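Work through the exercises below with the model in view, and try each task before reading its solution.

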Amino acid sequence: MSRREIREQIFKILFQTEFYGDQEWEDHLYLFVEGLGELDEKDSDYIISKVKDIYQHLDEIDELINTNADRWKTGRMAKAELAIIRLAVYEMKYEEEIPVSVAINEAVELAKVYGTDHGAGFVNGILAKLA
């Protein structure tokens with residue numbers, strides 16, 4: 001699986017877990033990965049590890065988003081855009097091997113596919129303030 005495909009799967013997990021309670025996200029993570037079928041063990045481990053790490057840093061990530069999103073708080077954001085922004089902020093702040101420009105570009109591309117009509121611009125605007 002390519003890094004882009006893995007990133008897309010991580011986004012989907014983050015999006016889906018928005019609809020479950022705080023205690024249930026981990027169960028849904030394993031069910032989601034299991035549902036991907038014949039997934040390379042290395043990719044499976046990477047996805048699980050990254051999602052868990054995002055959730056460990058979620059309060060810090062949300063604080064960064066809330067501080068930099070004028071008149072928008074995470075509780076008011078569309079769930080797809082929020083999941084995309086959380087993933088990108090995590091990559092920008094906690095994954096040194098991913099250049100900031102790549103994290104932003106990948107987030108904008110995800111927003112074009114999964115976000116609302118103005119989602120890509122919204123995502124880009126918030127992430128640009130964090131760059």
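Helices (H or I, at least four residues) and strands (E, at least two) are DSSP runs, numbered from the N terminus. This is a predicted model, in which local features need pLDDT of at least 70 and side-chain atom pairs count only at pLDDT 80 or more, while totals for chains, interfaces and linings use all residues. Residues are numbered from 1 along each chain as its sequence is written, and side-chain values use heavy atoms, with hydrogens and water left out.

**Exercise 1.** Find the helix that holds Thr17, and decide whether Thr17 is buried or exposed.

Solution. Begin with the helix: Thr17 belongs to α1, which covers residues 3-17. Next, take the relative accessibility of Thr17, which is 5%, so Thr17 counts as buried (buried means under 20% relative accessible area, exposed over 50%, partly exposed in between, with a 1.4 Å probe and protein chains only). Finally, when residues up to four places away in sequence are not counted, Thr17 touches Trp25, His28 and Tyr55 (contact means heavy atoms within 4.5 Å).

**Exercise 2.** Describe how helix α3 and helix α5 pack.

Solution. Helix α3 (residues 41-56) and helix α5 (residues 79-94) meet at an angle of about 90°, and their axes are 10 Å apart; axes are lines fitted to C-alpha atoms, for helices over the stretch in contact, and angles run from 0 to 180 degrees between N-to-C directions. The two helices are therefore roughly perpendicular to each other (angles under 35 degrees count as roughly parallel, over 145 as roughly antiparallel, 65 to 115 as roughly perpendicular and the rest as oblique). On the α3 side the contact is made by Lys50, Asp53 and Ile54, and on the α5 side by Leu87, Tyr90 and Glu91.

**Exercise 3.** Which residues form salt bridges with Lys50, and where do they lie?

Solution. A salt bridge is a side-chain nitrogen of Lys or Arg within 4 Å of a carboxyl oxygen of Asp or Glu. Lys50 pairs in this way with Glu91, the closest N and O atoms being 2.7 Å apart. Lys50 lies in helix α3 and Glu91 in helix α5, so this pair ties together parts that are 41 residues apart in sequence. Lys50 also forms a salt bridge with Glu95, where the closest N and O atoms are 3.5 Å apart, and Glu95 sits in the loop between α5 and α6, 45 residues from Lys50.
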